[in-house]
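These are my notes from one pass through a model, taken in the order in which I looked things up.

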Amino acid sequence: MSGISDSFQRPISYLRISVTDRCNLRCTYCMPPEGVTLIPHSDVLRYEEILSIVRIAASMGITKVRLSGGEPLVRAGLVDFVRMLAEVREIEDLSLTTNGVLLKDYAAALKNAGLQRVNVSLDSLKRQRFREITGYDRLQDVLEGITEARRAGIAPIKVNVVVMRGINDDELLDFARLTADGWNVRFIELMPILNGGAKQPEFVPANEMWDILSQLGKLEPCSPLMGNGPASYYRLPGARGTIGFITPVSDHFCFKCNRLRLTADGKLLPCLLSSEEFDLRAPLRAGASPADISQLLLKAIAAKPAGHRVSQGVVSQRRPMTQVGG
Ligand code: SAM
Ligand code: SF4
C-alpha cells in the first residue's frame, strides 16, 4: 500500500511511540514530584511487540517513527531496539525525543544503530532553575549529551523549549543566541494538560515570543530542517542554526496532523488529547494476524478528530503525557 489518509484527507505517515512511562526527571508541567501511577511492567509492550506493530504500520504507509516516553533512554535495550527499527525498510525517518540526561552515554551507539535525529527537551540554561523545573540537578549532563550527539554526527539536533510565563520566558534571548553556534531551538507553547494536579504555569503565545526575539534582529523564514512537522522555522541574521515555533495553543496545526500515537501499554491514540483509544496489546498477545492489527490501525486513523480544542480550554485527555509521548 502506498499511503493512508484519514477522514479529513490528511495523509497519515508518522507513528510516535512511547516506549516507557518511566522518567528520570519530574518536569513540573508534566508530572507531580511523586510521579504518576506507573503502568505495570507486564502491561508495557515488549520491543518485539512494538516492532511487529511498526512493521505492519510501515506496510500501510507509515514512513516516520519517533521514540518518546516517559524518558526513552531509561528503558534497557533501547539501542538494540533502534537497530531493529532501522532495519524496517519503509521507515525513512527514525528519531528520538529525550530529556538528554543520559544522552552522552548513548549518542554514539544510537547513531551507529541507525538513529537519524534527536530532539532534546531543555527548558532552562540556568542550573538552579533547571533543577526547579525538572526536580534534578542534571543541566550539565544534558549539555554534555547535546555536545556528544553533535560529535556523534546525529543531525539535526533540535532543542525543544517549553516557554512558561514568569518561569523561563526571560531566557528566550539566551536560547536564541545559541543558534549563532548552530543550535536549532524550538519554542513550544505550554499546553494546559494533565500533570498530576499541579498548577500549570501560564503559556506564552508565539507572537509574544516573536516580539522578544526580534530584539536580536529580523527573523527570516527558512525551510524546515527535515520533514513537514508542526513548527515554523526562522533564522537570525548570520546564524547557522534555526529558531522554530510550535503553537499548539495559539494556532493549532491539527489541519496538517499526520500522526498516530502508540502508548507504552499498547493503545493507539488518534490524537495527543484523545479520550478514545484502540488496544493493540490484547489482540497481539492473543495471536492476532497482521491483517487484524492493520484493521485496528485503520480504525484508529478513521477516528482521528478534525482537531483538538485546547485553545478553548477543552482537554479531553485521559492519560498523562508520559504514557503518550508528548
Ligand atoms: N522525556 C522526554 C522529553 O522530555 O523529551 C520525552 C517525553 S516528553 C512527554 C515529550 C515532550 O513533551 C517534551 O518536549 C516535553 O517538554 C513536552 N511536554 C510535556 N508536557 C507538555 C505540556 N504541557 N505542554 C507542552 N509540551 C509538553
Ligand atoms: Fe520526564 Fe519528559 Fe515529562 Fe520531563 S517532559 S517529566 S523529562 S517525560
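Predicted model: local features only at pLDDT ≥ 70, side-chain atom pairs only at ≥ 80, totals over all residues.

Residues are numbered from 1 along each chain as its sequence is written, chains are lettered from A and ligands numbered from 1 in the order in which they are written, and side-chain values use heavy atoms, with hydrogens and water left out.

**Entry: salt bridges**

I took a salt bridge to be a side-chain nitrogen of Lys or Arg within 4 Å of a carboxyl oxygen of Asp or Glu. Side chains of opposite charge can pair when their charged atoms come close. The search returned 20 salt bridges in the structure.

I looked at R46 and E49, whose closest N and O atoms are 3.0 Å apart in a salt bridge. R46 is partly exposed at 45% relative accessibility, while E49 is buried at 8%.

Next I checked R89 and E90, which form a salt bridge with an N to O distance of 3.7 Å. Here R89 is exposed at 71% and E90 is partly exposed at 27%.

R138 is partly exposed, its relative accessible area being 28%; D141 is buried at 17%. I then asked which residues are linked with this pair in a network of salt bridges. The network consists of K104, R138, D141 and E144.

**Entry: R117**

I placed R117 in strand 6, residues 117-121; helices (H or I, at least four residues) and strands (E, at least two) are DSSP runs, numbered from the N terminus. Is R117 buried or exposed? R117 counts as buried, at 1% relative accessibility. Its side chain makes a polar contact of 2.9 Å with the side chain of D93. A polar contact here is a pair of N or O atoms within 3.5 Å; within protein, one must be able to donate a hydrogen and the other to accept it, and residues adjacent in sequence count only if both atoms are side-chain atoms.

**Entry: ligand 1**

I listed the shell of ligand 1, counting a residue as near if one of its heavy atoms lies within 4 Å of the ligand. The shell holds 18 residues, and the closest are Y29, G70, T97, S121 and M191. By class I counted six nonpolar, ten polar and two charged residues. The classes are Ala, Val, Leu, Ile, Met, Phe, Trp, Tyr, Cys and Pro as nonpolar, Asp, Glu, Lys and Arg as charged, and the others, Gly among them, as polar.

On the side chain of E71, an N or O atom is 3.2 Å from a nitrogen atom of ligand 1. Taken alone, ligand 1 exposes 550 Å², of which the protein buries 94%; these areas come from the Shrake-Rupley method with a 1.4 Å probe, and for residues only the protein chains shown count as cover.

**Entry: ligand 2**

Around ligand 2 I found C23, L25, C27, C30, G70, N99 and T322. This shell has four nonpolar, three polar and no charged residues.

**Entry: cysteines**

How many disulfides does a search of the whole structure find? It finds zero, a disulfide being a pair of cysteine sulfur atoms within 2.5 Å. For C257, the nearest cysteine sulfur is that of C271, 6.7 Å away. Both cysteines are buried, C257 at 18% and C271 at 13%.

**Entry: backbone and distances**

I noted a cis peptide bond between A155 and P156, with omega about -5°. P156 sits in the loop between helix 5 (139-152) and strand 7 (157-163).

I53 lies in helix 1, residues 47-60, and is buried at 0%. From I53 to V79 I read 18 Å, C-alpha to C-alpha, across 26 residues of sequence.

L173, in helix 6 (residues 172-177), is buried at 16%. L173 and Q116 are 57 residues apart in sequence and 28 Å apart in space, C-alpha to C-alpha.

Note on methods. Buried < 20%, exposed > 50% of the residue type's maximum accessible area, 1.4 Å probe, protein only.
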